[in-house]
Amino acid sequence: MSDPTGLDPADWSMWRAFSGMREALDRALEQRVQRDAGISTADFDVLRTLAAADGRQLRAGALAESLAWEKSRISHQVRRMADRGLVIRADCPTDARGTWVVLAPAGAEALAAASCGYVDVLRRAFFDELSPAEKRALQAVSQRAREAIRGVGSEVPVG
């Protein structure tokens, strides 16, 4: 009996393995940053991005773009993080519509507390399991897939 989707069973098997690996890695990262710093991986991504930015701040739109998030998602995330003191929202002095998102001292502390464990999970569960050739191949495949996703249409966000 053929698969009604038209995909080869081997492709489905590969997709399930890839999806399962990514979900398990995401869970492990989430558990680690929660344990180490009491933050989520979404918090971690925002904090890491701000820490790398000039002046440890970005316009909200630029932050959303750098994370490949929708504006509404970044707005809600930043509001929750500001309520917890991890970031500071500041009006843009040159554009009344603009908002700066600034890394707060508590956010820098949380990022520092979470970073070693986050990297440890990535290294032990993912990077150390791949040969240099596999890493290069995975990077090439990931870049090709991202380009293909862009070609599918704007209804599919690329993160």
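What share of the contacts in the chain with a separation of 6 or more comes from residues 24 or more positions apart? In this predicted model, such residues account for 52% of those contacts.

Begin with the whole chain, shown as a cartoon, where you can find 6 helices and 3 strands, which follow the pattern α-α-β-α-α-β-β-α-α when read along the sequence. The C-alpha atoms fill a box of roughly 60 × 35 × 30 Å along the principal axes, and of the 159 residues, 29% count as buried.

Next, select residues 41-52, which form helix α2, together with residues 105-125, which form helix α5. These two helices pack at an angle of about 110°, with their axes 10 Å apart, and because angles from 65 to 115 degrees count as roughly perpendicular, α2 and α5 are described in that way.

For the last stop, turn to the second largest pocket, which has a volume of about 230 Å³. Select Ala 60, Gly 61, Arg 97, Gly 98 and Thr 99, which are the closest to its centre of the 12 residues that line this pocket. Then colour α3 (60-67), α4 (71-83) and β3 (95-103), each of which supplies at least two residues of the lining; the lining as a whole divides into 3 nonpolar, 4 polar and 5 charged residues.

Methods: Residues numbered from 1 in each chain as written. Predicted model: local features only at pLDDT ≥ 70, side-chain atom pairs only at ≥ 80, totals over all residues. Heavy atoms only, no water. 1 Å grid on protein atoms, 1.4 Å probe; cavity = no way out; pocket = protein on both sides within 12 Å on 5 of 7 lines; lining within 4 Å. Points joined across faces, edges and corners; volume = space filled by probe spheres on them. Helix = DSSP H or I, 4+ residues; strand = E, 2+ residues; numbered from the N terminus. Nonpolar A, V, L, I, M, F, W, Y, C, P; charged D, E, K, R; others polar. Axes fitted to C-alpha atoms, helices over the stretch in contact; angles between N-to-C directions. Parallel < 35°, antiparallel > 145°, perpendicular 65-115°, else oblique. Buried < 20%, exposed > 50% of the residue type's maximum accessible area, 1.4 Å probe, protein only. Contact = heavy atoms within 4.5 Å.
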